[in-house]
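Subject: Structure handover

Hi,

Here is the structure I promised to send over. My notes on it follow below the view.

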Protein chains: 2
Amino acid sequence: MGTFRRDDAVGEEVELALCGAFPADLTVLLHAAAERMTVELDVAAVAMGLKDVRDWLVLAALDDGRQRTQLELSRVVCVDKTTLISVLDRLEKQDLVVRTADPSDRRVRIPQITDTGRDVYATFATARDAAEAAALQGVDQAERELLLSLLARIADRQAAALVPS
Amino acid sequence: MGTFRRDDAVGEEVELALCGAFPADLTVLLHAAAERMTVELDVAAVAMGLKDVRDWLVLAALDDGRQRTQLELSRVVCVDKTTLISVLDRLEKQDLVVRTADPSDRRVRIPQITDTGRDVYATFATARDAAEAAALQGVDQAERELLLSLLARIADRQAAALVPS
DNA sequence: GCCAGATCATCCGAATCCAGACGATCCGAA
DNA sequence: TTCGGATCGTCTGGATTCGGATGATCTGGC
């Protein structure tokens with residue numbers, strides 16, 4: 001899902017003026033930070049056969065065991081429903097996911113993570129945790145919690161605000 | 001640049017389980033928060049003729065007046081250099097940007113924002129500021145600054161870390 | 001000066017993405 | 001029951017994106 005060609009960034013002379021080098025505002029920084037984490041996590045992901053962010057985002061969503069329709073899943077991971085199909089196709093081919101039938105509604109398919117999928121995701125998760133720990137190195141616990149809660153708040157705000165009052 | 005079909009989200013019954021509804025980790029929340037701000041800002045952007053995030057990210061980068069090569073610009077805004085060409089083509093057609101020649105190097109083009117471009121961007125910026133203010137409503141100043149500085153830190157970390165030691 | 005290698009913007013073709021359409025299925029009303 | 005409209009997953013065609021190649025230009029060594 002990379003929005004810029006990453007090969008360009010691995011040259012010998014490292015870029016000093018990368019993302020976020022211009023006047024900082026919230027949205028720009030969110031993009032830059034998200035992209036930066038993605039670049040780092042991608043190497044771990046491809047190392048274990050996952051193609052890009054979407055693959056492990058889907059696995060992460062599936063790992064909580066909640067039964068979700070494909071459409072619901074596409075909303076949760078912010079992936080277009082048609083794109084999700086190809087992601088699931090790929091993951092299913094790798095035996096990381098299965099599409100199960102919903103006995104109460106024959107239209108829907110309930111994607112579920114398999115045992116091997118869980119294993120792969122667990123391995124990835126430790127790499128991800130390490131990367132995130134590195135990103136927040138030297139930040140104390142209270143600050144981390146504040147960061148996460150503010151991000152969660154930004155992410156969920158409109159969902160709440162839009163509820164018909 | 002939307003990663004999911006937004007039309008789906010504007011139905012009557014608003015989704016309650018949107019992005020970030022599964023176990024919160026830093027990267028997932030960054031993505032969700034960035035996407036959320038993007039959705040909100042997009043309506044303001046298209047209202048003034050900009051196509052998507054990339055358009056105004058480019059304008060934002062250009063607005064600081066720094067002379068940048070197209071390649072440098074593509075890195076700063078995290079947009080693929082080939083994609084940047086089409087963005088600049090579009091912005092140039094709208095007279096928001098001009099590609100000027102660098103007298104000292106005839107290979108490079110220095111994209112610069114025009115007066116009308118500055119006007120358009122200024123209008124957009126006030127809308128963006130309003131959206132961001134709404135997103136951070138009730139968050140006190142110290143917390144805001146911490147949030148921004150942590151995001152900047154995450155975004156810039158590897159750039160510093162990768163410098164050959 | 002001249003040549004080899006590097007760098008910049010651009011172009012091209014293959015891969016990917018997404019809006020709309022479609023078939024299957026569900027639900028509520030008549 | 002039957003029918004019309006809504007919803008789900010999938011498919012398809014057109015647009016977008018990205019890796020690699022190309023031409024123009026620069027730079028450093030000879």
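An α-helix has 3.6 residues a turn, so residues three or four places apart point the same way.

Some terms before going on. Helices (H or I, at least four residues) and strands (E, at least two) are DSSP runs, numbered from the N terminus. A residue is buried if 20 or more other C-beta atoms lie within 10 Å of its own, exposed if 12 or fewer, and partly exposed in between, with C-beta atoms placed from the backbone. Two residues are in contact if their C-beta atoms, placed from the backbone, lie within 7 Å.

Residues are numbered from 1 along each chain as its sequence is written, while chains are lettered from A and ligands numbered from 1 in the order in which they are written.

Helix 4 of chain A covers residues 81-93. At 1.5 Å a residue (times one less than the number of residues), its 13 residues should span 18 Å, and the end C-alpha atoms are 18 Å apart, which agrees. Asp95(A) follows helix 4 of chain A, and its phi is positive, near 60 degrees.

**Chain A overall**

Chain A has six helices and two strands. From the N terminus on, they run α-α-α-α-β-β-α-α. Buried residues make up 36% of the 165 residues in chain A. Among contacts in chain A between residues at least 6 apart in sequence, 46% join residues at least 24 apart.

**Confidence**

Two stretches need care. pLDDT stays under 50 over residues 1-21 of chain A, where the model has 40 contacts beyond four places in sequence. It also stays under 50 over residues 158-165 of chain A, with eight such contacts. Where pLDDT is low, the predicted coordinates should not be read in detail.

**Chain B, around Val98(B)**

Val98(B) is in strand 1 (residues 97-102) of chain B. It counts as partly exposed because it has 15 C-beta neighbours inside 10 Å. Leaving aside neighbours within four places in sequence, Val98(B) is in contact with Glu92(B), Gln112(B) and Thr114(B). Strand 1 of chain B runs antiparallel to strand 2 (residues 105-113) of chain B, and six bridges join them. Strands pair if DSSP finds at least two bridges between them. Val97(B) has Ile113(B) as its bridge partner in strand 2 of chain B. A hairpin of two residues joins strand 1 to strand 2 of chain B.

Best wishes

Note on methods. This is a predicted model: local features need pLDDT of at least 70, side-chain atom pairs count only at pLDDT 80 or more; totals for chains, interfaces and linings use all residues. pLDDT is the predictor's confidence in each residue, from 0 to 100.
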